[in-house]
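I opened this model to look up a few side chains and what surrounds them. The entries below follow the order in which I checked things.

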Amino acid sequence: MGCDIHLYVEFKLNNHWFSIVANPFMIRNYRLFNALAGVRGSDAPLYAVKGFPSDAKYTDAHDDFFDENGRPELDWHSTTWLTPNEFGHVIDMVDDTPTGYHAIAALCRVLEREYAVRLIMWFDN
């Protein structure tokens, strides 16, 4: 059984967070997962695992990744969030990071010109 990443991007407007990219399909890369959140490896993540932000706003009634309170299902693990700079640093440190992660980082850099941006992620088994 493999481990998958679940990731989405939020931006802040008028002191409220909004989701712009919700859970795109991301290729498994266990070296990257270890660097992002200490998942599937023996090294510590490059940045501390911070948990799910209390002010996260992504909810979707049709998304079975969340419970009725809009929080990730309890059996998921290593929930964290990173700034675009932190995310970019992590993906640059892993040699074989799949292209999709670089595309998400590029989107975040564009959004960051106008807004506060964060990437929220967690993992399943």
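**Entry 1: Arg118.** I started with Arg118, which is found in strand β4. The model is a predicted one, and every value I note is computed from it. Is Arg118 buried or exposed? Its relative accessibility is 4%, so I logged Arg118 as buried, the cut-off being under 20%.

I then looked for polar partners of this side chain. The side chain of Glu10 makes a polar contact with that of Arg118 at 2.6 Å. The side chain of Asp55 is joined to that of Arg118 by another polar contact, of 3.0 Å. Arg118 also lies over the face of Trp17, 3.8 Å from the ring centre. Leaving out residues up to four places away in sequence, I listed what Arg118 touches: Tyr8, Val9, Glu10, Trp17, Pro53, Asp55, Ala56, Trp81 and Leu82.

**Entry 2: the cores.** Next I looked up the largest nonpolar core, which has 27 residues. Which of them touch the most other members? I noted Ile5, Leu36, Phe87, Ile104, Met121 and Phe123. At least two residues of this core come from each of β1 (4-13), α1 (30-37), α2 (84-93), α3 (99-111) and β4 (116-124). Another core, of six residues, lies apart from it and includes Tyr8, Ala56, Trp76 and Ile120.

Leu36 is in contact with Ile5, Pro45, Tyr47, Thr80, Leu82, Phe87, Val90, Met121 and Phe123.

Entry 3: How many of the eight residues of α1 are buried? I counted six, so α1 goes down as mostly covered. The buried ones are Leu32, Phe33, Asn34, Ala35, Leu36 and Ala37. They pack against β1, β3, α2, α3 and β4.

I checked both ends of α1. At the N-terminal end Asn29 is the cap, with a side-chain oxygen 3.2 Å from the backbone nitrogen of Arg31. After the helix comes Gly38, with a positive phi near 70°. I also found the charged end of Arg40 over the ring of Tyr30, 5.0 Å from its centre.

In α2, I recorded Pro84, Glu86, Phe87, Gly88, Val90 and Ile91 as buried. The buried residues of α2 pack against β1, α1, β3 (77-82), α3 and β4.

**Entry 4: aromatic pairs.** A search of the whole structure returned six aromatic pairs. One of them is Tyr8 with Trp122, edge-to-face, at 5.9 Å centre to centre and 80° between the planes. Tyr8 is in strand β1 and Trp122 in strand β4, 114 residues apart, so I noted the pair as a link between distant parts of the chain. Both residues are buried.

Phe52 and Trp122 have ring centres 6.1 Å apart and planes at 65°, so I filed that pair as edge-to-face too. Phe52 lies in the loop between α1 and β3, and Trp122 in strand β4, so this pair ties together parts 70 residues apart in sequence. Tyr8, Phe52 and Trp122 form one aromatic cluster.

Entry 5: Trp76 is found in the loop between α1 and β3. Its relative accessible area is 15%, and I logged Trp76 as buried.

Last, I looked up the cysteines. Cys3 is buried at 0% relative accessible area, and Cys108 is buried at 1%. The disulfide count came to zero.

Notes. Residues are numbered from 1 along each chain as its sequence is written. Side-chain values use heavy atoms; hydrogens and water are left out. A nonpolar core is a set of buried Ala, Val, Leu, Ile, Met, Phe, Trp, Tyr and Cys residues joined through side-chain atoms within 4.5 Å. Buried means under 20% relative accessible area, exposed over 50%, partly exposed in between (1.4 Å probe, protein chains only). Helices (H or I, at least four residues) and strands (E, at least two) are DSSP runs, numbered from the N terminus. Contact means heavy atoms within 4.5 Å. A disulfide is a pair of cysteine sulfur atoms within 2.5 Å. A polar contact is a pair of N or O atoms within 3.5 Å; within protein, one must be able to donate a hydrogen and the other to accept it, and residues adjacent in sequence count only if both atoms are side-chain atoms. Rings of Phe, Tyr and Trp (its six-membered ring) pair if their centres lie within 6.5 Å; planes under 30 degrees apart count as stacked, over 60 as edge-to-face and the rest as tilted. A charge sits over a ring if NZ of Lys or CZ of Arg is within 6 Å of the ring centre and within 35 degrees of the ring normal.
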